[in-house]
Amino acid sequence: MRKSTGARWGRCRLKGGRGGFTLLELIVVMAIIALLAGIGVPTYVAYIRKAKEQKALIEARQLRMAVTAMMLENDISTEDPMESEVYMSLFWKTLDDEEHPLYGCCPAGWDPKGKIVEMFIEDDLRLTSIVYEAPDGSRETWILEDTKDGLTVTCK
């Protein structure tokens, strides 16, 4: 008659009486983790993308309102804005200069040492596009369009 060691069939018993996991159990656990990651990662990536889009929309709205307010407060017309010192100061002051008309209103992703190099405004004082130049010389163009769904922003 055999003496029972307490080990169940299919289980590996290590020396000293400690139990371990079989290869099959480890593979099943890894498959479950992979399945959960396969479901969760795309959802997380889509969430991050949507959050970045919303942030860009909020910053674009703030920028549009700031430009409109600046133009109205300083009585700047769209016919010849170059005559206004305030309007022209947009282009020669860095964004971190407290005297910049849009100080504190520019997108968080823009380096404060950068400058606005171009800006297009409609007759009704709506900002339609803006070109930002970073200190390293790279440029980013924001195109703001009014659609039936609201404001859309395209970054180039």
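Strands S2 and S3 run antiparallel to each other, paired over 5 bridges. That's a handy place to start with this structure, which is a predicted model.

**Strands and hairpins**
- S2 and S3 make a hairpin with 5 residues between them, and Gly137 in that turn has a positive phi of about 95°.
- If you want a pair to look for here, Tyr132 has Glu140 in S3 as its bridge partner.
- S3 also pairs with strand S4 (residues 150-155), again in the antiparallel sense, over 6 bridges.
- These two strands, S3 and S4, form a hairpin with 2 residues between them.
- Leu144 finds its bridge partner in S4, namely Val153.

**The nonpolar core**
- The largest nonpolar core is made up of 26 residues.
- Met71, Tyr87, Leu102, Trp110, Met119 and Ile130 have the most contacts inside it.
- Two or more residues each come from helix H1 (23-73), helix H2 (85-92), strand S1 (115-121), strand S2 (127-133) and strand S3 (139-147).
- Setting aside neighbours within four places in sequence, Met71 touches Ile76, Ser77, Thr78, Tyr87, Ile121 and Leu125.

**A patch on the surface**
- Nonpolar side chains tend to be buried together in soluble globular proteins.
- Here, though, Leu24, Val28, Ile32 and Leu36 form a nonpolar patch on the surface, with about 400 Å² of accessible area together.
- Leu36 sits in helix H1.
- Leu36 counts as exposed because its relative accessibility is 56%, and the cut-off for exposed is over 50%.

Definitions and conventions:
Residues numbered from 1 in each chain as written. Predicted model: local features only at pLDDT ≥ 70, side-chain atom pairs only at ≥ 80, totals over all residues. Heavy atoms only, no water. Core = buried A, V, L, I, M, F, W, Y, C linked by side-chain atoms within 4.5 Å. Buried < 20%, exposed > 50% of the residue type's maximum accessible area, 1.4 Å probe, protein only. Helix = DSSP H or I, 4+ residues; strand = E, 2+ residues; numbered from the N terminus. Contact = heavy atoms within 4.5 Å. Patch = residues over 30% accessible without salt bridge, like charges linked within 9 Å, V, L, I, M, F, W, Y side chains within 5 Å. Areas by Shrake-Rupley, 256 points an atom, 1.4 Å probe, with all protein chains shown as cover. Salt bridge = Lys/Arg side-chain N within 4 Å of Asp/Glu carboxyl O. Pairing = 2+ DSSP bridges.
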